[in-house]
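Welcome! Let's walk through this structure together, one question at a time.

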There are 8 protein chains.
Amino acid sequence: MSVEKDIKLDLTRGERIGLDEAIYCAGKSSAHLNRILDEAHVESARLLLTKLAESQYQSLMPKHRDALDFDAISRTAFFGSPHPTRTAREVVVLTAGTSDVPVSREATRTLRYYGVPVKEITDVGVAGLWRLLERVDELRRAPVVIAVAGMDAALATVVGGLTPAVIIGVPTSVGYGVATGGETALRAMLASCSAGLTVMNIDNGYGAACAALRVLRAIGN
Amino acid sequence: MSVEKDIKLDLTRGERIGLDEAIYCAGKSSAHLNRILDEAHVESARLLLTKLAESQYQSLMPKHRDALDFDAISRTAFFGSPHPTRTAREVVVLTAGTSDVPVSREATRTLRYYGVPVKEITDVGVAGLWRLLERVDELRRAPVVIAVAGMDAALATVVGGLTPAVIIGVPTSVGYGVATGGETALRAMLASCSAGLTVMNIDNGYGAACAALRVLRAIGN
Amino acid sequence: MSVEKDIKLDLTRGERIGLDEAIYCAGKSSAHLNRILDEAHVESARLLLTKLAESQYQSLMPKHRDALDFDAISRTAFFGSPHPTRTAREVVVLTAGTSDVPVSREATRTLRYYGVPVKEITDVGVAGLWRLLERVDELRRAPVVIAVAGMDAALATVVGGLTPAVIIGVPTSVGYGVATGGETALRAMLASCSAGLTVMNIDNGYGAACAALRVLRAIGN
Amino acid sequence: MSVEKDIKLDLTRGERIGLDEAIYCAGKSSAHLNRILDEAHVESARLLLTKLAESQYQSLMPKHRDALDFDAISRTAFFGSPHPTRTAREVVVLTAGTSDVPVSREATRTLRYYGVPVKEITDVGVAGLWRLLERVDELRRAPVVIAVAGMDAALATVVGGLTPAVIIGVPTSVGYGVATGGETALRAMLASCSAGLTVMNIDNGYGAACAALRVLRAIGN
Amino acid sequence: MSVEKDIKLDLTRGERIGLDEAIYCAGKSSAHLNRILDEAHVESARLLLTKLAESQYQSLMPKHRDALDFDAISRTAFFGSPHPTRTAREVVVLTAGTSDVPVSREATRTLRYYGVPVKEITDVGVAGLWRLLERVDELRRAPVVIAVAGMDAALATVVGGLTPAVIIGVPTSVGYGVATGGETALRAMLASCSAGLTVMNIDNGYGAACAALRVLRAIGN
Amino acid sequence: MSVEKDIKLDLTRGERIGLDEAIYCAGKSSAHLNRILDEAHVESARLLLTKLAESQYQSLMPKHRDALDFDAISRTAFFGSPHPTRTAREVVVLTAGTSDVPVSREATRTLRYYGVPVKEITDVGVAGLWRLLERVDELRRAPVVIAVAGMDAALATVVGGLTPAVIIGVPTSVGYGVATGGETALRAMLASCSAGLTVMNIDNGYGAACAALRVLRAIGN
Amino acid sequence: MSVEKDIKLDLTRGERIGLDEAIYCAGKSSAHLNRILDEAHVESARLLLTKLAESQYQSLMPKHRDALDFDAISRTAFFGSPHPTRTAREVVVLTAGTSDVPVSREATRTLRYYGVPVKEITDVGVAGLWRLLERVDELRRAPVVIAVAGMDAALATVVGGLTPAVIIGVPTSVGYGVATGGETALRAMLASCSAGLTVMNIDNGYGAACAALRVLRAIGN
Amino acid sequence: MSVEKDIKLDLTRGERIGLDEAIYCAGKSSAHLNRILDEAHVESARLLLTKLAESQYQSLMPKHRDALDFDAISRTAFFGSPHPTRTAREVVVLTAGTSDVPVSREATRTLRYYGVPVKEITDVGVAGLWRLLERVDELRRAPVVIAVAGMDAALATVVGGLTPAVIIGVPTSVGYGVATGGETALRAMLASCSAGLTVMNIDNGYGAACAALRVLRAIGN
């Protein structure tokens with residue numbers, strides 16, 4: 001039985017597709033995470049860690065804990081310095097409710113890691129429409145808007161009709177009954193009649209930020 | 001083998017729960033429908049027929065065709081005269097798109113059959129928000145608003161935040177891909193964060209009108 | 001990266017749609033809940049808290065614990081005094097079994113918070129039909145009946161045929177096998193042939209009470 | 001490539017499990033059905049055909065059409081004489097609505113084919129409860145009750161609480177929206193809190209009759 | 001707010017439908033269970049408790065623990081003496097694998113509570129067919145066979161072809177991947193081409209026993 | 001009963017969000033489509049029609065048929081002249097198989113309507129990997145790549161790893177068994193580990209083109 | 001807009017993976033199929049066509065119709081001569097019922113096209129177990145057994161326990177109610193406790209034959 | 001009540017189908033596992049244990065813990081010596097990501113238990129295609145390739161086009177949102193257009209190894 005080393009950091013991915021490797025931490029043991037960070041240390045690599053639970057962070061070796069810029073709400077951590085600011089244009093990240101913040105913050109932190117200015121506007125769900133309408137001018141200045149919402153995800157549809165920007169919808173798993181798990185929010189976003197609205201997997205704030213980075217790179221930023 | 005007569009018009013239902021019997025026609029043969037209308041004729045009954053396809057209508061006996069007030073869009077027909085007008089308060093029926101009109105019209109026709117004034121406002125989906133916002137004053141005057149929408153059904157959530165009226169959401173089976181069949185619209189309405197939004201089965205315009213009638217009766221109309 | 005304050009109590013919602021803001025507590029941290037209660041204290045606001053687990057309640061600051069009227073079964077709490085009694089007409093809340101009581105109690109407590117008299121009748125599922133039939137007179141006096149049931153949710157259909165009142169069905173997640181999660185109860189209520197039965201999300205006793213409040217307001221209570 | 005004859009009538013099945021072979025006709029070509037009937041003729045076999053659409057029946061060879069006792073509503077046909085009457089005890093078959101009759105009639109006809117007396121009572125759905133309550137005495141005399149219902153299938157639960165008989169629930173695919181296809185009726189019956197209610201596949205009136213035959217055989221009839 | 005006592009033992013159910021009330025314990029608090037047992041003590045009632053987890057049993061008051069005949073595998077308990085033996089005919093309960101035993105034992109214990117002789121044969125899944133074929137004679141002597149199986153539930157189909165007895169299939173939630181939760185086993189049993197096979201909810205050993213009791217009562221035992 | 005005119009062309013949408021109104025034709029009657037084209041004629045409007053079946057096109061009034069640039073494969077039609085060419089950068093549209101062409105062609109035609117150069121490359125599914133690898137240089141020059149694929153939709157993942165461009169995945173309903181309807185392709189794209197891949201509703205080539213237009217506008221084209 | 005020729009026969013696939021290109025005909029127009037056959041004629045290619053409906057076959061140009069070896073039951077056609085016989089070992093294809101024959105025949109015909117001897121044994125479903133047990137010796141001689149079954153698909157599990165051969169399960173879409181579409185048969189096969197049973201997509205007889213060919217090639221045949 | 005001994009080791013299964021009995025440990029108590037190992041000790045049996053969680057292993061009696069060759073990652077254990085090496089041909093096991101290793105290792109360990117040489121290659125998902133292309137020569141030398149992948153499972157499709165070997169796809173439950181539970185990976189593999197790809201249940205590395213063993217046995221190894 002031949003079994004290979006299970007850590008292979010892909011340190012040239014940035015050149016190929018414009019995105020560094022990110023470490024998806026859910027389900028990884030402390031031992032595994034410590035080995036990854038050891039290797040990143042040796043290679044002087046810059047790394048983004050996602051879905052890193054507070055309990056996982058606390059169980060890391062102290063030197064690794066200290067070296068990380070960890071954020072408990074978004075469950076993200078930076079190893080090494082974030083990229084320098086690369087563009088003057090601010091991406092807007094919206095959430096329908098405060099329960100969606102862990103997901104929006106993951107997008108916000110990922111963008112910040114890549115040097116992108118970002119404005120996060122929370123709790124503007126369309127059951128209280130005036131909260132969103134007050135912010136339309138800010139929305140319309142952004143080249144990309146990330147709309148994060150659970151339950152019926154109606155926010156994404158309304159935003160898609162208010163701005164010609166690229167709209168990236170991120171459904172969240174917030175809620176109970178038919179909302180639990182985010183499937184309803186996902187399908188509502190996909191079925192939206194706002195033309196050209198694009199959609200990510202449930203709770204995938206990281207992916208939404210990567211999609212925004214692909215757009216900014218196409219723009220030349 | 002003893003098999004009973006399969007037509008038993010329930011002519012006293014109006015007294016018990018305030019709603020006449022309605023004949024659900026989908027899947028019924030012309031022969032069966034003709035027998036029902038024969039019996040209604042004999043009993044001088046007033047009947048509402050729902051989900052009556054144009055081809056079913058055309059295959060009825062001429063005397064029954066002539067006796068019906070048939071509407072092809074909503075697939076409804078009235079046998080006998082509708083109820084006299086019973087209230088001064090106008091129910092509002094909204095649709096997100098023109099494809100939802102067969103369902104909204106079923107609600108509108110059912111209310112008219114029961115003598116309820118109704119205003120139907122079509123094509124006010126929230127991907128083009130200003131269309132709805134122009135009508136807010138009309139909305140806020142109604143005791144009951146029926147919101148008919150397919151796809152992501154975001155209309156119902158937005159309406160729920162604009163008026164204290166009773167809101168009855170009717171998801172429709174309009175659309176393709178994840179929208180087909182109306183399951184997404186249904187779940188989005190159920191998961192809505194507009195508090196107190198009630199929901200009907202997919203394409204059930206008739207049921208929404210009956211729910212409105214229960215409210216009007218509670219009001220005393 | 002600009003991130004905004006994540007608590008924005010909406011203290012004028014009552015004026016717009018006739019319902020105060022309610023705090024949905026599931027998934028919120030103690031720190032977050034304490035900040036909300038601090039702000040409510042400063043603003044002298046009246047608040048309803050829903051889905052507040054006993055363990056969340058116990059982890060609040062003592063002054064907030066003391067200030068709350070907490071009910072462990074329904075997982076609701078009142079901050080400030082409930083609204084004064086606003087109507088003489090009693091809403092009836094029914095449950096099919098004793099396992100449905102956490103959901104029915106959420107509806108009952110929400111109505112009480114808004115000053116609405118309510119009668120809660122438990123364990124009248126239709127597998128033992130005589131239990132419901134004994135209560136028909138009480139049922140028929142209510143302008144609104146909330147029917148709370150899991151499993152096959154047959155209670156709602158039977159009640160819909162016994163009274164002309166507004167019927168609000170609340171499916172519950174009680175049960176095992178195909179009943180678990182409440183999807184079966186939800187779909188059975190939506191497919192009911194009791195005309196005009198309206199339906200809420202699974203376990204949404206709070207929403208059912210809000211729907212009842214919209215009806216009472218339309219009545220003028 | 002060796003391919004075998006595709007018709008193999010199992011003419012000794014009755015001895016093994018007490019049930020003759022039945023021919024499930026859906027999807028079978030006229031040619032195939034004609035060959036089966038040819039073979040039955042040669043063997044002087046008695047056969048029950050199920051799910052035989054009227055168009056299939058009309059496309060058979062005239063001699064086979066003439067030899068069959070065909071019923072268009074239940075889509076069943078008998079080849080050869082039905083079994084002689086085997087028991088004095090009458091099975092009761094109930095339907096919630098008239099749209100469920102094709103399925104109840106399949107059960108009724110299958111029982112008749114096997115010589116079992118049966119009483120079919122239609123249109124006793126529990127949204128109009130008094131229709132069922134009038135028939136309780138008849139119900140309680142039957143050793144087996146087959147309850148056929150679509151939509152929310154609440155009939156089966158109520159019946160299960162009214163009689164100690166064996167209850168066999170048959171969900172039907174009648175309805176639209178969440179009812180279409182019968183999945184909701186099926187799951188509601190399985191989740192029923194009427195203890196000891198057994199359930200068949202959707203639209204399987206034939207299977208329900210076979211289950212009743214197994215019971216009657218256990219009884220000694 | 002009027003709220004009623006939430007314990008109402010139904011002590012006359014046995015007379016109406018031939019089955020005593022059973023207490024479904026999942027999700028009930030110790031306090032609630034203690035109150036039920038207090039009441040049963042006062043009324044000298046005989047009770048069957050189902051889905052009673054070992055941890056729930058251990059948290060009961062000592063006097064109640066001592067009074068119960070508890071079985072941890074099936075999570076059942078008897079309060080008071082079981083019914084006297086009522087029939088000489090033995091029901092057979094089969095399981096496909098040893099993981100299905102908690103469910104088969106629930107059926108076995110329920111039958112024993114009602115005084116019915118029962119033979120439980122475990123681990124006769126049809127992936128090793130000879131295990132079942134060795135037992136065919138025992139099978140064919142039983143008036144009722146309960147077949148308990150998870151995963152693909154093929155056992156029920158094979159048994160249905162081996163005996164003319166009443167067959168009651170109980171799917172179990174055993175397994176992983178597509179088997180988890182029992183949905184696959186349930187649907188496989190419902191789709192079985194063994195004519196007259198009846199099916200219960202997933203893991204519902206109790207219900208299967210009740211169905212068997214209805215059959216035995218119809219037989220006159 | 002007040003019912004409004006059901007055609008309201010939104011002729012200023014282009015100014016608000018950069019996209020003209022498009023007419024979704026599925027389910028619309030010839031009469032309805034003729035009225036829309038009459039109105040477009042009166043207003044000298046430019047219109048894009050989508051999901052226009054050949055049979056619908058053939059049933060239009062001859063003058064409308066003649067005025068349309070209709071493409072049967074993509075079921076699209078242009079009324080009025082397409083927009084002038086607006087950018088020098090070519091969007092690439094890929095399909096996994098030839099059965100996906102109706103959807104890719106809808107995207108291609110929509111882009112052409114808006115004056116965007118586009119290269120459509122068909123039949124490069126990754127079960128025959130070399131077909132895609134030969135085209136990598138073309139892929140890497142495009143600012144936006146639309147990947148259209150049914151079945152397992154693996155094409156989108158592979159493309160996402162080959163280019164830093166914006167990737168828009170469009171699942172198609174091509175296939176049979178688990179592929180039918182496109183749900184599998186949709187979910188596979190959403191679950192893709194290619195970072196930043198965005199996804200549209202099943203068969204939504206039009207929406208993918210609109211998303212590309214939002215990106216090109218953000219780029220300044 | 002650049003659009004490429006949409007027919008690209010892959011005539012070297014046989015060398016790479018040991019399987020010729022097959023033409024999946026469902027949904028392809030006659031014009032498209034005629035162009036493919038024109039090209040195959042020019043290239044003197046050998047082709048296998050699958051899912052070719054009789055109506056599609058009848059609408060081909062007469063010269064193509066004449067050149068094809070078409071089988072209406074399996075909806076397959078051969079263009080050019082099948083491969084010469086390549087192995088002495090016979091593959092066995094089993095079906096549970098006669099309705100499964102279109103799928104088993106697709107496997108059988110595909111194997112024959114590739115020169116593999118095959119024995120097709122139909123109607124050996126395990127509800128009548130003795131039919132299969134009579135054939136065990138034939139089964140055990142085959143290196144590969146393809147088990148084709150719809151409904152509960154129990155055949156595959158039983159076969160897996162009777163022979164050490166490679167077992168390839170093919171679920172079919174035969175049946176009604178929970179069986180319709182083949183999802184139940186698919187999941188039952190995947191959940192089977194017969195160790196090492198492999199599974200194909202629903203109705204994919206062609207794929208099963210290809211899997212068998214991969215095995216025979218690994219054997220050296 | 002007669003209840004049989006619930007442990008029946010099937011020690012002759014190897015002779016019948018070429019595979020020893022394996023003990024599926026999920027959900028089994030320590031007491032039950034200890035009894036099985038006692039019996040294996042008495043019989044001098046060789047056993048493979050699967051899905052044995054580390055906590056279960058730690059709770060065994062010390063003598064049994066010591067006698068087992070336990071691997072925590074794959075949750076497998078060997079009792080007795082593995083089979084001697086039986087073939088010179090190496091099976092290849094691939095994983096798309098490091099999170100899939102628990103499943104691939106189960107396959108690898110099962111093969112090793114049966115004396116089959118195996119090469120495990122991890123982290124070659126096709127979002128970074130070059131990782132797989134570097135290994136094509138190794139792939140093409142194997143008679144059987146097991147492809148283990150979660151999320152979109154695109155690895156299996158690409159591999160199927162690169163080698164004529166037998167391909168066994170194992171979907172894993174790795175991921176979040178639409179990936180959770182492995183259903184998406186499963187369906188993507190089943191819908192793959194790589195001809196002849198066979199599929200196992202989610203996370204079923206053991207079954208994949210058994211399928212490989214059936215192939216090797218057919219080959220004569």
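This is a predicted model: local features need pLDDT of at least 70, side-chain atom pairs count only at pLDDT 80 or more; totals for chains, interfaces and linings use all residues.

Q: Which residues of α10(A) make the contact with α5(A), and what is the hand of the crossing?
A: On the α5(A) side, the contact is made by Val103(A), Glu106(A), Ala107(A), Thr110(A) and Leu111(A). Their partners in α10(A) are Gly205(A), Tyr206(A), Ala209(A), Ala212(A) and Leu213(A). The crossing of these two helices is right-handed.

Q: At what angle do α5 and α10 of chain C pack, and what is that arrangement called?
A: In chain C, helix α5 (residues 101–113) and helix α10 (residues 205–219) have axes 7 Å apart, at an angle of about 40°. Among the residues that meet are Val103(C) in α5(C) and Tyr206(C) in α10(C). The crossing is right-handed. With that angle, α5(C) and α10(C) are therefore oblique.

Q: What kind of axis relates chain F to chain A?
A: Chain F is superposed on chain A by a rotation of 180° with 0.0 Å of shift along the axis, and the RMSD is 0.0 Å. That is the relation of a two-fold axis.

Q: Which residue of chain F comes closest to the rotation axis?
A: Here the distance is taken from the C-alpha atom, and it comes to 2.2 Å. The same surface serves both copies, as 100% of the contact residues of chain F recur in chain A. The residue of chain F closest to the axis is Ile219(F).

Q: Is His64(G) buried or exposed?
A: His64(G) lies in helix α4 (residues 62–67) of chain G. Beyond residues up to four places away in sequence, His64(G) touches Asn34(G), Leu37(G) and Asp38(G). Its relative accessible area is 3%, so His64(G) is buried.

Q: What separates the C-alpha atoms of His64(G) and His41(G)?
A: Along the chain, these two histidines are 23 residues apart. Their C-alpha atoms are separated by 9.2 Å.

Q: Which residues of chain G are in contact with Lys28(D)?
A: Lys28(D) sits in the loop between β2 (22–24) and α2 (30–43) of chain D. At 13% relative accessibility, Lys28(D) counts as buried. Neighbours within four places in sequence aside, its contacts include Leu33(D), Ile36(D) and Gln56(D). From chain G, the contacts are Thr98(G) and Ser99(G).

Q: Is Ala153(C) buried or exposed?
A: Ala153(C) is in the loop between β8 (144–149) and α8 (154–160) of chain C. Phi of Ala153(C) is near 55°, a positive value in a residue other than glycine. With a relative accessible area of 2%, Ala153(C) is buried.

Q: What is the relative accessible area of Arg75(B)?
A: Arg75(B) is not a glycine, although it has a positive phi of about 55°. It is found in the loop between β4 (68–71) and β5 (76–79) of chain B. Arg75(B) is partly exposed, with a relative accessible area of 34%.

Methods:
Residues are numbered from 1 along each chain as its sequence is written. Chains are lettered from A and ligands numbered from 1 in the order in which they are written. Side-chain values use heavy atoms; hydrogens and water are left out. Helices (H or I, at least four residues) and strands (E, at least two) are DSSP runs, numbered from the N terminus. Buried means under 20% relative accessible area, exposed over 50%, partly exposed in between (1.4 Å probe, protein chains only). Contact means heavy atoms within 4.5 Å. Copies are superposed by least squares on the C-alpha atoms of residues with pLDDT of at least 70 in both. Axes are lines fitted to C-alpha atoms, for helices over the stretch in contact, and angles run from 0 to 180 degrees between N-to-C directions. Angles under 35 degrees count as roughly parallel, over 145 as roughly antiparallel, 65 to 115 as roughly perpendicular and the rest as oblique. A crossing is left-handed if the near helix is turned anticlockwise from the far one by less than a right angle, and right-handed if clockwise.
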